[in-house]
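Please take a moment to look over the chains before reading on. The paragraphs below move from whole chains to the place where two of them meet, and then to single residues.

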Amino acid sequence: MQKSLHIDPNKCTGCLQCEMACAWENYRTFTIAKSRIKVFSFHHEGRFVPYTCTQCDEAWCMTACPVDAIQLDPVTGAKIVLEPTCVGCKVCTIACPFGTINYVAQTGKVQKCDLCDGAPACAKACPTAAITYVDADWTGLDKMRQWAGKTDTNPATV
Amino acid sequence: MRHLIIGSGPAGVIAAETLRKADPAAEITMLCGEGEPPYSRMAIPYLLRGNIEEAGTHLRKGADHYQRLRIELVQARAQSVDTASRTVSLGPGKSLPYDRLLIATGSRPSLERLPGIDLPGVRSCWTLDDARAILAKARPGTRIVQMGAGFVGCIIMEGLLSRGVDLTILVRSGYMVRRMMNPTASGLLRRWCEAKGVKILTHTQPQGITLEGGVLQVALPDGRTLPADIYLSAVGVDPNLEFLAGSGIELGQGVLVDAAMQSSMPGVYAAGDVAEATDCLTGKRQLNAIQPNAVDQGRIAALNMAGRPARFKGSLVFNVLTTLGLVSSSFGEWQGIPGGESTELLDEARYRYLNLQFDGDRLVGANSVGFSDHVGALRGLIEGRVRLGVWKQRLMEDPTQIMQAFLAAAYSVA
Amino acid sequence: MAWTKNVLRVNLETGSCTTEPLNMEWAQDYLGQRGLATKYLVSETDPKVDPFSPKNKMIFVTGPLTGTMAATGGRYSVVTKGPLTGAIACSNSGGYFGAELKFAGWDMVIFEGASAKPVYLLITDGKAELLDASHLWGKTVWETEATIKKYHQDPQIRVAAIGRAGENRVLYAAIVNDLHRAAGRSGVGAVMGSKNLKAVAVRGTRTDAYHLADPEAFFAATEAGKKVLAANGVTGQGLPTYGTQVLMNVINELGALPTRNHRDIQFEGAMAIGGEAMHEKRPTDGKANLITNGACFGCTIACGRISRMDPGHFSIKDKPQYKGASGGVEYEAAWALGAANGVSDLEALTYANFLCNEDGFDPISFGATVGAAMELYELGLLTKEEIGFELPFGSTEGMVRLAELTAVGEGFGKVIGLGSKRLCTKYGRPDLSMTVKSQEFPAYDGRGLQGMGLAYATSNRGACHLRGYMVSPEVLGIPMKMEPQATEGKPAMLKAFQDLTAVVDSSGLCLFTTFAWGLSDIQPQIQAACEGDWSEERLLLVGERIWNMEREYNLGAGLTGKDDNLPPRLMKEPAKTGPQKGAVSKLDIMLPEYYQVRGWTPEGVPTAETRMRLGV
Ligand SMILES: Cc1cc2nc3c(=O)[nH]c(=O)nc-3n(C[C@H](O)[C@H](O)[C@H](O)COP(=O)(O)OP(=O)(O)OC[C@H]3O[C@@H](n4cnc5c(N)ncnc54)[C@H](O)[C@@H]3O)c2cc1C
Ligand code: SF4
Ligand code: SF4
Ligand code: SF4
């Protein structure tokens, strides 16, 4: 069974170790602007919600790419950006309705989570087990709902 | 089952690949109308800039990709469609039969009605062939007069300037990219371009072009003439429909399709620039000539062709544009709707702008300049018709909170 | 390495922002952050300078481990001459601001001069610009941060700002970053206000800002460090669950919780305002004050309290801006706003704490000053007419009202904003000011804990628990148990703590790690990040050098050994209750010995030999 990142915002403290780990894993820097996972802070609710690509089945980013620069990793199921091929047109960044593939001005390319070849650095770095890498049969939108059900950030539902 | 796809742009290619996945036994044939391997027009600006070679524009990179998927590529143009006999004519004596047909012929540049528009040196920037011609001619100092500052007109500027050309842009209206940007955003873009040395003449409709001593002379309404080595015409696009005349397929501005991407004729589908589908916000039929729309529609059409019912949620007009390095985006009803509310932030000195448009507590449109983080969530919010609840007011107060609003509202409210 | 090696120098008078290379020789001698910035301050300014004069400089500074994956590697400090104390001021803060400054490519920002009109500094990577802040002047920290982020359309910008307290030069005004993290003490926010600098906003996206000397060793060392923190009872469980508030009941039971301006040493209301109380469901709305714990950048402890008030509480009835979650009370704040003035309404403390964050002032000094005002009121030296309302000990309304007035600089809040020393002097009883070098005590009584008394008296920035945390040995038994009333060995222990603390404060790490970490845990992390030899021995020497440099600065500023004192109450009035009943401070026994172990003369001046040994 393919694994996926499982995120439990209730456990997150907002320490950003995951963001640094991601930036380091992929770009050998701690500068979190380079992280593919982002911890969103809901100050009013006192909550932190880590969020990254769910490797959704629809893979809007991948199909929208005009130059075939996003490819499916058959082992992990990750949709991976091939940087040398990417022309930086950004069409994937608006095609993905989750906002999880982003343009990086310095490189002129886009970046998204690639599941670290099956050994996610963010999950390893998280001190609270808010991010884990687990077997999961739910994908895409269901994954989103799984997370979001726990985010408890909408006062309408509180 | 014989599937025939007319057109090998992104809509056609995604459709062919989806068909193969959904129907392993089917016969799939795809017509390429330009004598080129399937390629993406969107990549042309990067070819002009020299970021990629021609092969970099090809939609799929593996040499045997289509062969491996048993997608037969045929270099030919469809001349007409006979829906009674289910055949497509490729010219005298040549035709192909089909069980299911996909029209994915895309669009082409609109023709300006202008004396001299057929002179050599007048070009569009739409096909690989156009790109080759421009590349052959554009040298440092080459004078290019470009008519039109729409989406494509803007996106190719960087490639042109990178060749060192002397660029003058003529704009009929007062605004650049007026089909996707409001005046504020458009004004920022203009200032940006001018700061980078592009001459922009607004409210300028050329009167005619003549060729004098090997140099084009573009007559302006104020009596002046601009000398040009290339006149680039970029005033909009029209769908490629002519060959469908008399086919009985119902046409509006494009091929009219239902939610299954099927035309009025059973078994005949359309997708991409050529299709006129329902807009997800207005419910009206309209063309939507953008790449993500082409691939979404191509996928839905193919699933239906393979007998797997799939519904198109309706098209959303949205786009991201880089003009000489300045990123901007446009979503849905960016001009707002009657009775709707809006909010905006502007930092003129740093070329940053964000404008959101609401219908009640739903987001219906957006414009941004210089703001690119997580913009995809705007699509999610708009297309998903997400009720924002308390986040509506929070976005009104601080529109940069789109990702928070998305996370909180899109998935917590079941 | 680990340093960006870049200093940003901002001249507020001329508006110029220039880059200069970091003095790497100094970096080798002073490491970073507290030590390094103090070296710059000492070298560039006259210690006699009026803190509010444009000639005073103010330095925002990071450490070499700031912005790294080392646990708690996110700290920055603000170093300047403090207006409350007239001594060196060095206030340390967490949150995300420090790391962002590093990612933008800067080790420190030196502000000099004063601007003619309100400005804020916007740093985007290598680019720094001073922008008009007239629209922000008069705004709170919270409004300022929101406005800046919005205007530049970048939610990722980190902001450190002053509120109205800093503008009004409340002598203990703080600089608040990330809404509720503060460079809190000694009035650094007032210095910022005097310079007409409203905020510093940073966005850092550089990937080449700095490099680790030995990445492999760095990960080995930091991962080992994280394991130690996780396994330790204090850093792994106590702090995440209760925050520093874990201490409230412990210190109270021990009889070292200063109460009602140190009249008492135990507070009957401690249970109601401590860490456990924050977890309890309120009878009013069935919800707990505490929502969750939050971390600063890179912190794997996560001691931060995030609270939401009872929406029906009298203090916030019609004030929606306080009904959301925000930074809750830490131990020192809960003590100062509560026990120090006899108030035991947790919601009121939370509200006052929100105000401290919102308008940028130090809850310790504020709360302690209120306690002093209450005593003056009870003695009849301060009247209802002068204050505008009654102010007996235990008056929740009074404390809340004063917080509101101090935040905006109105009414009696103006006097409270001067701090306890100036307040008590004004009303003829300077002896009632519970301060050292005019800075208010934090939450431990120097009679109950003898070592803490000595730590207060000798702290270079006035009374402070974060310069040599003798609570560790005296209460928690770290690194060894010392009896609260014993004096033996304490001067030497304090010196060791002070020197180690100076190292930690110069590294980018949080002092709280030292509940679990010893120097042997920290040293390999610094060594792996920084070029050069950073043996334990050398680090301790760096710490001692920093301490002595600060001391020299204070001596230069006109302070003497006579200022290493405690208020008469602590020296003469015996503790009334509890295990420490009858105790007074034995400072007179410990201080001479302390000078000796420091290598100072009996007058408290570093000897020539000490100076030479340390190279100051
Ligand atoms: C320079 C440039 C930049 C662009 N940038 C962007 C961008 O950044 N983002 C974006 O969303 N969109 C962009 N577009 C638009 C985008 O390229 C189109 O929306 C997209 O290509 C539409 O795909 P399609 O498959 O529907 O049509 P096309 O890509 O136009 O493909 C149609 C295919 O059908 C063929 N054809 C036409 N008629 C016949 C016939 N009778 N018989 C056989 N074959 C035929 C054509 O030769 C072509 O191969 C850009 C376009 C250009 C020109
Ligand atoms: S980036 Fe977005 S579209 Fe692409 S796989 Fe991830 S969630 Fe799906
Ligand atoms: S799995 Fe890897 S690439 Fe993906 S978010 Fe985590 S660290 Fe980043
Ligand atoms: S590492 Fe874990 S606790 Fe820290 S911010 Fe990331 S998800 Fe939250």
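Among contacts in chain C between residues at least 6 apart in sequence, where contact means heavy atoms within 4.5 Å, 69% join residues at least 24 apart. This is a predicted model, in which local features need pLDDT of at least 70 and side-chain atom pairs count only at pLDDT 80 or more, while totals for chains, interfaces and linings use all residues. Side-chain values use heavy atoms, with hydrogens and water left out, residues are numbered from 1 along each chain as its sequence is written, and chains are lettered from A and ligands numbered from 1 in the order in which they are written.

The secondary structure of chain C comes to 26 helices and 17 strands, these being DSSP runs numbered from the N terminus (helices are H or I with at least four residues, strands are E with at least two). Its radius of gyration, taken over C-alpha atoms, is 22 Å, close to the 25 Å that the globule rule gives for 616 residues, so chain C is as compact as a globular protein of that length; the rule itself is 2.2 Å times the number of residues to the power 0.38. Along the principal axes, the C-alpha atoms of chain C fill a box of roughly 60 × 55 × 45 Å. Of the 616 residues in chain C, 67% are buried, a word that here means under 20% relative accessible area, with exposed meaning over 50% and partly exposed lying in between (1.4 Å probe, protein chains only).

Chain B can be described in the same terms. It has 11 helices and 26 strands, and its radius of gyration of 22 Å is close to the 22 Å that the globule rule gives for 414 residues, so chain B is as compact as a globular protein of that length. The C-alpha trace of chain B spans about 65 × 60 × 40 Å along its principal axes, and buried residues make up 60% of the 414 residues. When contacts in chain B between residues at least 6 apart in sequence are considered, 63% of them join residues at least 24 apart.

How many residues of chain A are in contact with chain C? There are 24 on the side of chain A, and they are in contact with 40 residues of chain C. The size of an interface is often given as the accessible area lost when the parts come together. Between them, chain A and chain C bury about 2300 Å², with 62% of it on carbon and sulfur atoms, where buried area is the accessible area (1.4 Å probe) that two parts lose on being put together, summed over both. In chain A, the residues that lose the most area to chain C are Q17(A), F30(A) and H43(A), which together account for 25% of what that side buries.

R203(C) lies in strand β12, residues 197-203 of chain C, and counts as buried because its relative accessibility is 12%. Leaving aside neighbours within four places in sequence, R203(C) is in contact with residues that include A33(A), D373(B) and E100(C).

Elsewhere in chain C, helix α9 (residues 247-254) has L247(C), M248(C), N249(C), I251(C) and N252(C) buried. The buried residues of α9(C) pack against α10 (270-273), α11 (275-279), α12 (331-337) and α20 (471-476) of chain C, and the helix is followed by G255(C), whose phi is positive, near 75°. In the loop between α20 and α21 (490-504) of chain C is P479(C), and the peptide bond from I478(C) to P479(C) is cis, with omega near -5°.

In chain B, is I169(B) buried or exposed? I169(B), which is found in strand β11 (residues 166-170), is buried, with a relative accessible area of 0%. I169(B) and M147(B) are 22 residues apart in sequence, and their C-alpha atoms are 6.0 Å apart in space.
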